[in-house]
Number of protein chains: 2
Amino acid sequence: MPRRMVDEVAAMKLQSLVASAPSWLSGDDDAVGIVISCRARLARNVSTYPFGAKITEDEQAQVVASVLAAAKGCKHISAATFYNLELLDKNERRLLVERHLISPNLADAKGQRGVLFNSDESLSVMINEEDHLRIQAISPGLQAAAAWGKVNALDDELGLKLECAFSEDLGFLTACPTNTGTGLRLSVLMHLPALVLTQDMERVLQGLSQMSFTVRGVYGEGTNAAGNLFQVSNQSTLGQSEQEIVDGLLEVARKLVEYERDGQETLLAEARSQVEDKVWRALGLLSNARVLSSQEFMNLLSAVRLGLSLDLISGLPSRFVNQLMIVTQPAHLQAEAGQRLEPDERDSRRATIVRRKLEEADAHGGGAA
Amino acid sequence: MPRRMVDEVAAMKLQSLVASAPSWLSGDDDAVGIVISCRARLARNVSTYPFGAKITEDEQAQVVASVLAAAKGCKHISAATFYNLELLDKNERRLLVERHLISPNLADAKGQRGVLFNSDESLSVMINEEDHLRIQAISPGLQAAAAWGKVNALDDELGLKLECAFSEDLGFLTACPTNTGTGLRLSVLMHLPALVLTQDMERVLQGLSQMSFTVRGVYGEGTNAAGNLFQVSNQSTLGQSEQEIVDGLLEVARKLVEYERDGQETLLAEARSQVEDKVWRALGLLSNARVLSSQEFMNLLSAVRLGLSLDLISGLPSRFVNQLMIVTQPAHLQAEAGQRLEPDERDSRRATIVRRKLEEADAHGGGAA
C-alpha cells in the first residue's frame, strides 16, 4: 500500500476517535473517584543514531522506519496504527495531545516524527520526541503496576530488535540526563478537591517534593489547578530499580488517597449543607448553562466528582465524568464540529455537549436530576 | 362569641394563608411578565378622634370599634376577617407584611390596631396605622383602575357610616400632609431587569422623579433592588383628581413596559447566548441549590422572569413565580416550619421549597427541564 494511503486510513481512524473514550478512562479501580489513571513511560534511544537536537531529518526518518519495522513483530503493539505527525493538521495533533497520546512537544516539533498506538489507547510509542522512543502505557485507577508491566513487556520485545543506548554504569542513555537510568517516569492522575478546599495542598506539595516526587496541576499551575486534578510522578530515574519506583509511587498515591478521603469526610462532617449545595449547584449549572468556559467546566466537573466520591449523587459513573473531560477539550470540540471554532463558539458548543450527555445519562436512569 | 375566641379563629385562618397565594399575584394582565400588580390606597381619618401621635390607646380602641361596626354593613368587605395586631405574635405580623396586607409600620407599632381583609386579599383596611383608616386594594397586572374602583367603592360605603375629616379647601385631612387631598396613593409593582442590565434605570429614575413619581426598589435600595422589582407611585395627592392620578400612573407604567420590552429585545438581539445562559443557569441553580439566601433567590427568580418574558423558557406561569416569591420569605418559611428558624436554616428551607415547587411544576408538564 502506498504510504500516503496508509496515512489517509490513519486520518480516518483518528477522526473516529472523537466519539469514543480511551480505555484508561474506564473509571475501574479508581479509589472512590480520587485516582483517575496511572501512566508509565520509558525513554529509549537507538544506539546507532544521534540523540536529541543533533539528529538530521534523514536520520529521523530512519529511526521512524526502524521503530515501525521492529514494532511490526511485537505482539503487544502489532495491531497499532501509526500516525505521521507531519501529515496531520494542527487540530489533529492537538486531539492526540488532549487524549494524552502524545506530548505537546511532539505536536509542536518539526521533522519526521509520529506516534503508534493500540486502538484502546492503552499503549503507545512516540517516535522522535525528545528521545527516539517514548513507550507509554496508561491504565485506569491505581493500576500503576499494570501500566509498568505493559511498557516493560513492549520494551523487552523491542529490545530484541533495536539496539538501545545503554551504559553499564548509568543504565539507559537519554537526550536529557533527568531521564537517564531506568528511563522510567511513572505518574498518577489524581482528583484532590478536599486537599485544595481545606488548604492542605500546599503542605502536601512541599512534603512530596522533599520525598523526590513531582506534583503539577494538569490544567493550570500549582494549587490553582483547574478541576483540582494533579499529576504525581517520580523525580529520579537513577539509583532506584523500576520496582522500587512503582512501589514508591503507589505508596505515595495511597497516602494521598487517604488524606483526600479524610479531608472529604471532614468537609462533609463540618459543612454538609455547603458541600451538598456546591455539588448540586455544579450539576445544575452543567445541566443548564448555555456557555461554559473550559476552566469553569473543569471546576464544576470537580464538584460533581466530589459529589460522586461522597455518594451525594449517584448514577453518573466515573467513566462518564472522565469521558466528558476529554470530549469537551478544544480540539475534540472542533473535530466534532468539523471546523475551526472561535473561543466563544467553543464555550457554547461545550455547554451543548455537556447538557446533552447529562440528559442522556439521566434518561438512562442516572441520578442527575 | 367572646372576643378572644374570635381572635383564635382569626389566628387559625392566618396560618392557613401560608399555603395559598393572594389573588393579586394571579399573573393576569401582567404585560408579558413586566407588571406584577397595582395597588391603590386611601388615607382616611374619623373626624371625631385625634390623628396620628395625639391619639390615646382608649381612643384607638374606639376607632377600631367604629370602623369594624361600619365595615359590617359594607357589602364590599362584610365577609372580611379582622386581625387584632396586639394578639398576633411577631412572626404572624411579619407574615401579613410579607403578603403586603399591612405596612411594616403597623406591624411594629404599639397600641390598638389591626387589619381587616377579604379572603382573596384583594381588599383590606388597616386601622390605626399613621391614619385611622388605610383602605387598600391590590389587583394583578396593570389593573390600576380596578384597584382604584375597589377602594373608591368601599370608601363610599364607609363614608355613609363614618364621618371622615375633610376640608373644602384641601380635601381629605391626614396625619401627614403628603397624603392630604385625595389621600390616594397608587402604585405599580414592576419587574425591570433589562433597564437595570443596560444601566438605563438611573436615567429612568431621574425622569420619573421630575414627573413627580416615586420609584423605589421593593427589596433593597435604588437601582440595586434585589430581584429588579420596583414600585412606581404618584408623589402628590393634592391638585389632581383621582382619575387624573390613575390615568397618569397608567401612562407612566405603560411607558416603562415599553422601555423594558425594548431593552429586553435589544439584549436578546445583541447577546442572545449570554441572556439564554443567564436564564438557564438561574433555573439550574434554583432547581438544584441546597442553600439559597433571600437576595440570591430574588436575583435568580428575576432571571427566570426575564426568561419567561422573552419566551426563552415556558411552562412556568407568572402566578407560579409570584407565589414562589411570597412563600420563600422569612415569616412564611417560619410559619410553614411551625417554629423560629435561624438565618442558615431559612436559607436551607428556602432552597428545599423552591426545589420542590419547581419539581412539581415540571412534573405537571412545565418547561423547566
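1. Across the interface of chain B and chain A, the rule finds 2 salt bridges (a side-chain nitrogen of Lys or Arg within 4 Å of a carboxyl oxygen of Asp or Glu). Arg281(A) and Glu296(B) meet through their side chains in a salt bridge, at 2.7 Å from N to O. Helix α8 (residues 242-288) of chain B gives the largest share of the side that touches chain A, with 8 residues. Helices are DSSP runs of H or I with at least four residues, strands are E runs of at least two, and both are numbered from the N terminus.

2. A note on the basis: this is a predicted model, where local features need pLDDT of at least 70 and side-chain atom pairs count only at pLDDT 80 or more, while totals for chains, interfaces and linings use all residues. Residues are numbered from 1 along each chain as its sequence is written, and side-chain values use heavy atoms, leaving out hydrogens and water.

3. Now the extent of the interface. About 1300 Å² is buried between chain B and chain A, and carbon and sulfur atoms give 56% of that. Buried area is the accessible area (1.4 Å probe) that two parts lose on being put together, summed over both. Arg281(B), Asn288(B) and Arg290(B) supply 43% of the area that chain B buries against chain A, more than any other three residues.

4. Two asparagines deserve a look. Asn128(B) is not a glycine, yet has a positive phi of about 65 degrees. Asn128(B) lies in the loop between β4 (123-127) and β5 (133-140) of chain B. Asn228(B) also has a positive phi, about 50 degrees. Asn228(B) sits in the loop between β9 (213-217) and β10 (229-234) of chain B.

Note on methods
Chains are lettered from A and ligands numbered from 1 in the order in which they are written.
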